[in-house]
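Opening the notebook on this one. I'll start with a helix pair, then move on to domains and chain contacts.

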Amino acid sequence: MRAEITFNGDATAASRYVGWAPVPAQVRLSDPTGAMGPVSVRLRNQNATRGGQVVFFSALPGTAGDDLRLTLPPVGTPVQFFLAGRFQRPSIADGDANVQIISTANDQPIGTTSLMVRIRKNANTLTTAERNRLLAAFAILNDRGMGRFADFRNIHTSAGDPEAHQNAGFPPWHRAYLLDLERELQRIDPSVALPYWRFDQPAPNLFTRDFMGVPDPSTGRVLFGAANPLQFWATDGVPGIVRRPRFNTQTQPATSLQGPVITEPETFQLGLTATSPPVHRYRRFRRYEGNPHGTAHVSFTGSVSQIATAAKDPLFFLLHANVDRLWAKWQWLNRRFDGNTTSSFEPLGAAGSPGTTRVGHNSNDTMWPWNQVTTPPRPPTAPGGTMAPSLLTAAPGPSPTVGSMIDYQGVRTAASRLGFDYDDVPFEFPSN
Amino acid sequence: METRESAQRLDHETSEQEFAEFVDRARRELDSQRLVELLPERTPVYQRRSANTVNRMRGYLLAAFEAAGLPEEALPYVLEELESGRNAYLVAAAARALRGRESRSSDAVPFLLRAIENIKYADDAVSFDSYRPSWPAPRHATALQEIADTFAWLGSEASSARPVLQSLLEEPGVLSESARAKLESVVSEPSVGGSRRAVRASSPCCAHHAESARPDIHQVRTRTEVPASVELEDQDGTRVKFGEFFTSKPSVVAFFYTRCDNPNKCSLTITKLGRFQRRLADLGLDGRIQTAAITYDPEFDLPARLRAYGENRGVVFSPSDRLFRTKGALAPLEGYFELGVSFGATLVNQHRIELFLLDQQAQVVSALTRLQWDIEEVLAQAARLAEPDDSPPQ
Amino acid sequence: MDVSEYRRQVEAEAEAAARREPAFKKALRKAGPSGRAGGGAFPSTPTGDDDLSMALGVIADSDATDDAFTAALQAMSLEVGDHLELIDTLLAYLGDAGNPPDRRLAVLNLLQEISFRMVGFPAKRPEYMAVLRSIIEDPDRKLRRVAIGILAREKDDYVQRRLVDGLEGKSKSLVPAAKAIQFLAYDVHSEYFPIARRIVENPPSQGAKVEAVRLLAADPSARDLLVGILRDRSEKTEVKMAAAVALQSLDPEEFERQARRIVLDNEEDDQLRALSLNALTYFGSPAVQREDEELARRVESLNSESRSRSVKKATAGYLAKRGG
């Protein structure tokens with residue numbers, strides 16, 4: 001007798017990736033030999049001390065359990081359930097999380113499925129293997145300047161500046177940008193998740209020759225170890241990265257000439273209005289575009305310190321992963337996932353309607369370049385095409401709206417789940 | 001008898017100072033024809049210089065038309081910068097040049113509005129007081145200010161721009177105070193205008209331009225000998241002779257290079273080529289019309305670069321749809337197509353947008369150059385080429 | 001940790017942060033009439049916001065302490081989105097050569113930050129560029145280098161000319177040759193290739209030569225030069241590594257041939273050998289690598305016999321990819 005589990009509606013290995021947000025799964029008897037009738041099974045983590053861990057739900061919303069008992073029809077009809085990564089127990093390698101199907105009749109396993117609890121982590125704490133997989137995927141995407149990375153570089157230039165900055169859509173646009181890049185990295189290596197540079201803390205493991213490199217003291221050219229594939233990084237036809245920190249990367253957080261980036265708790269406080277009592281609102285929170293976001297950028301000299309050239313440096317994406325994480329954590333802390341309320345996002349509606357702003361920055365607007373719109377006021381070309389698809393979720397679709405970035409975990413609407421999570425931002429069901 | 005100074009004596013060894021003095025003299029003497037001679041990209045004076053040097057030279061040249069007068073043959077160059085330029089100095093110069101026209105005409109309005117879109121987030125401080133101003137400059141303008149000045153000069157001819165200018169005025173943080181003030185006066189009092197030169201109202205000679213939305217950019221070439229033996233290599237590394245590929249079917253061929261840094265030019269051209277391919281397929285013409293693009297930068301644009309560039313812009317490849325580089329010099333094609341391109345020591349330093357329609361004998365039957373070509377317009381022309389030829393044999 | 005408990009922890013941290021007065025506010029208050037060096041009242045300010053008023057007063061006060069100045073910039077950073085005129089204040093401060101260079105540098109850093117995020121910056125961009133151009137010859141090395149870098153990344157004509165003039169000896173160099181060529185290379189259209197070649201032939205410094213070699217990756221006619229450097233046994237390893245990276249970008253097929261030769265060469269430098277192997281591991285043509293038994297045998301022997309950690313790592317990676 002054998003049983004098997006499928007995830008995300010797909011039986012292939014490519015779908016066996018979960019985050020903290022619950023995903024639909026199915027279990028069925030694939031070989032009912034010996035089954036006299038319905039078979040009682042228990043799903044559990046095969047090894048509670050090693051690898052990624054998952055939790056189980058019989059229905060949503062519901063309480064997570066360390067295991068789940070189900071009854072399987074002998075004819076092989078699948079039974080639906082849900083599972084998610086256990087918060088703070090992510091995988092460190094592909095397939096290191098194993099769900100075991102145990103027959104309760106004899107307490108024997110009748111099936112095991114490997115998956116990965118794939119989470120965006122603090123880059124400073126990655127294992128060597130995680131780091132190397134990320135660097136390899138990045139280098140292959142870049143392909144010495146000839147790869148698909150060129151599109152990501154070409155998106156984030158002066159031409160695209162008004163689509164991505166200076167307005168309400170700054171956080172969602174960059175969330176979409178990172179998501180697109182991450183999905184492209186995952187096409188190369190599905191075990192890769194984009195890590196973040198936690199810039200309000202020292203990150204000594206990040207700024208080494210084996211990772212994001214160290215600067216040549218006289219030229220600022222970033223030097224890499226002989227085994228680091230980023231040494232072949234090229235953009236705009238020229239190899240190399242120029243980046244020199246204004247702070248001690250081994251002992252300090254990102255610090256510009258007007259001081260360090262504000263801390264994570266201080267960043268959350270930006271969201272408070274001046275009313276009495278104060279409330280957290282999106283339009284206040286997005287002041288973080290200045291400090292810590294802008295401050296982190298200008299805590300270096302070199303490409304990353306300027307919009308026109310920032311995306312030439314792979315560090316840009318780790319920097320912005322942290323910017324996105326801060327928004328995600330603020331959302332979770334203040335339960336700001338409802339894209340129809342101004343506390344979660346504003347302005348609401350589509351460009352042109354009352355109270356809205358420039359197109360591309362309102363909740364119902366689609367976002368360039370994924371919408372492939374190139375008529376003014378949008379830029380003249382749209383590099384890279386539509387949003388990369390995912391086997392794990394249909395969201396946000398090929399042409400995402402600003403609003404589709406808000407409920408990224410599917411807290412309010414499961415179908416909104418975008419398929420990524422941060423290691424320190426859990427999933428919680430709505431409190432109402 | 002005084003010999004009129006000719007631009008033909010200027011070449012790549014001419015110093016920039018000499019060039020500037022030539023332009024200054026022509027401007028003072030109101031000799032716009034001398035300036036017109038310097039407009040074509042292939043003029044020797046632009047060879048072997050950096051792109052920024054050429055931009056400065058051309059910008060200084062365009063700005064001089066304000067005083068010297070802007071002849072109609074110079075107009076496409078001005079409109080090109082307004083429509084597709086992203087360099088504030090050149091855009092400012094082009095806006096200035098328009099004020100040298102004999103008559104004010106609303107046909108320039110769409111181009112000025114397009115220039116605003118191109119430059120409003122990348123405006124810069126510019127000065128035409130001298131060829132090489134030093135900074136801090138005693139005074140400077142910006143591209144948006146120059147565009148605003150030209151709208152003010154157009155007066156009532158700019159009335160169609162009022163709604164767009166009004167929404168620009170409502171967009172926060174884009175306009176400097178001086179540009180805002182000028183545009184506010186345009187929007188509120190469209191009859192405001194002034195000129196440093198005596199301006200005639202629209203005269204019979206220029207009336208047809210006032211009626212047309214844009215100049216005719218289609219040029220029909222005379223038949224010339226096909227460079228059949230030029231070897232091409234495509235995005236897969238497959239080699240074919242020019243004559244072999246371009247005499248199999250009618251073709252649409254563009255020129256580009258992957259290191260072009262103006263998204264309104266090569267990137268947009270290849271993106272449009274991809275869209276054109278899809279329209280051909282919609283109409284069932286994809287088997288009957290070939291599409292191709294040839295790089296100006298054959299040594300750098302290796303096959304892998306060509307493929308990546310095309311794929312990333314939606315181009316679909318097939319035996320009839322390819323991106324090429326020449327295996328060898330580009331010169332034979334430069335001559336055959338009369339390309340509008342010039343080169344620094346190693347790299348393109350300026351080029352125009354150019355798209356050609358070739359018949360089945362590889363003869364250029366239509367050249368759409370300088371201004372943005374319209375996909376549907378090209379489709380119509382290509383469809384006619386693809387029709388069976390019922391004319392009696394020669 | 002249970003999610004509810006985690007939430008309580010994070011909320012507590014956030015509340016503690018809310019109760020703490022930001023350090024810059026304390027520093028601004030300290031810079032008040034009683035704490036500021038020199039004493040006296042603040043100049044009148046156009047806005048009613050207390051922090052902003054104090055900040056503007058500090059900026060205008062040449063006797064303000066460094067801490068107060070930094071605090072003032074932090075206050076402005078928070079509020080500049082609602083007060084576009086502050087950018088004019090900052091630009092004026094930056095452009096005034098009479099102000100202390102380190103403070104002008106800090107102001108420039110703040111302007112860079114503002115350029116990342118602010119509605120209103122496009123309207124100020126022309127003035128920003130004009131001020132930057134006016135300070136590229138500032139006596140303060142750090143200030144002018146940052147200004148030059150910003151302009152170079154915007155492909156500014158004015159700064160390119162000055163950099164080229166400095167490299168060609170037509171005027172005083174604003175930055176060392178290595179930085180000058182690096183700045184020029186932000187724009188491949190700046191025609192830096194001939195200058196880079198001259199630097200390779202007659203390098204003013206090792207650093208300049210390394211930069212020039214690397215940046216010739218964009219010059220197709222430099223292919224033979226780069227191959228020549230890779231073959232030159234007398235050339236320094238650092239230069240050869242730069243040539244390898246450049247050739248890898250410029251002509252991957254030629255580089256693959258050279259990389260193979262380097263790996264097979266007993267006399268070749270270990271660092272270069274490791275780099276070449278890594279390039280083959282990640283980017284080598286799979287079909288070619290599969291057939292190359294001679295290379296595979298050589299890599300295996302290097303893996304067991306080489307004492308270089310870099311080579312051992314590189315060979316292990318190559319063999320793992322090849323399935324050996």
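This is a predicted model: local features need pLDDT of at least 70, side-chain atom pairs count only at pLDDT 80 or more; totals for chains, interfaces and linings use all residues.

Entry 1, a helix pair in chain C. I looked up the handedness first: helix 16 of chain C and helix 19 of chain C make a left-handed crossing.

Helix 16 of chain C covers residues 270-283 and helix 19 of chain C covers residues 309-322; their axes come within 9 Å and cross at roughly 20 degrees. Angles under 35 degrees count as roughly parallel, so I can call helix 16 of chain C and helix 19 of chain C roughly parallel to each other.

Which residues make the contact between these two helices? From helix 16 of chain C I listed Asp270(C), Gln271(C), Arg273(C), Ala274(C), Leu277(C), Asn278(C), Leu280(C) and Thr281(C). Helix 19 of chain C brings Ser310(C), Val311(C), Ala314(C), Thr315(C), Gly317(C), Tyr318(C) and Lys321(C). Sorted by class, the residues of this contact come to 6 nonpolar, 6 polar and 3 charged.

Entry 2, chain B overall. I went through the secondary structure and got 15 helices and 12 strands for chain B. Chain B has 394 residues, and 50% of them are buried. I also checked how far apart in sequence the contacting residues sit: taking contacts in chain B between residues at least 6 apart, 75% join residues at least 24 apart.

Domain 1 runs over 7-211 and domain 2 over 218-386. I took their centres over C-alpha atoms and found 30 Å between them. The contact draws 17 residues from domain 1 of chain B and 17 residues from domain 2 of chain B.

Which elements give two or more residues to the domain 1 side? They are helix 3 (51-68) and helix 4 (75-84) of chain B. Helix 4 of chain B gives the most there, with 5 residues. By class, I have that domain 1 side down as 6 nonpolar, 4 polar and 7 charged residues.

Entry 4, chain B against chain C. How many residues of chain B are in contact with chain C? I get 29 residues of chain B, in contact with 25 residues of chain C. Helix 3 of chain B supplies the largest share of the chain B side, 4 residues. The chain B side facing chain C splits into 12 nonpolar, 10 polar and 7 charged residues.

Definitions and conventions:
Residues are numbered from 1 along each chain as its sequence is written. Chains are lettered from A and ligands numbered from 1 in the order in which they are written. Domain bounds come from an automatic or database domain assignment. Two residues are in contact if their C-beta atoms, placed from the backbone, lie within 7 Å. Ala, Val, Leu, Ile, Met, Phe, Trp, Tyr, Cys and Pro count as nonpolar, Asp, Glu, Lys and Arg as charged, and the others, Gly among them, as polar. A residue is buried if 20 or more other C-beta atoms lie within 10 Å of its own, exposed if 12 or fewer, and partly exposed in between; C-beta atoms are placed from the backbone. Axes are lines fitted to C-alpha atoms, for helices over the stretch in contact, and angles run from 0 to 180 degrees between N-to-C directions. Angles under 35 degrees count as roughly parallel, over 145 as roughly antiparallel, 65 to 115 as roughly perpendicular and the rest as oblique. A crossing is left-handed if the near helix is turned anticlockwise from the far one by less than a right angle, and right-handed if clockwise.
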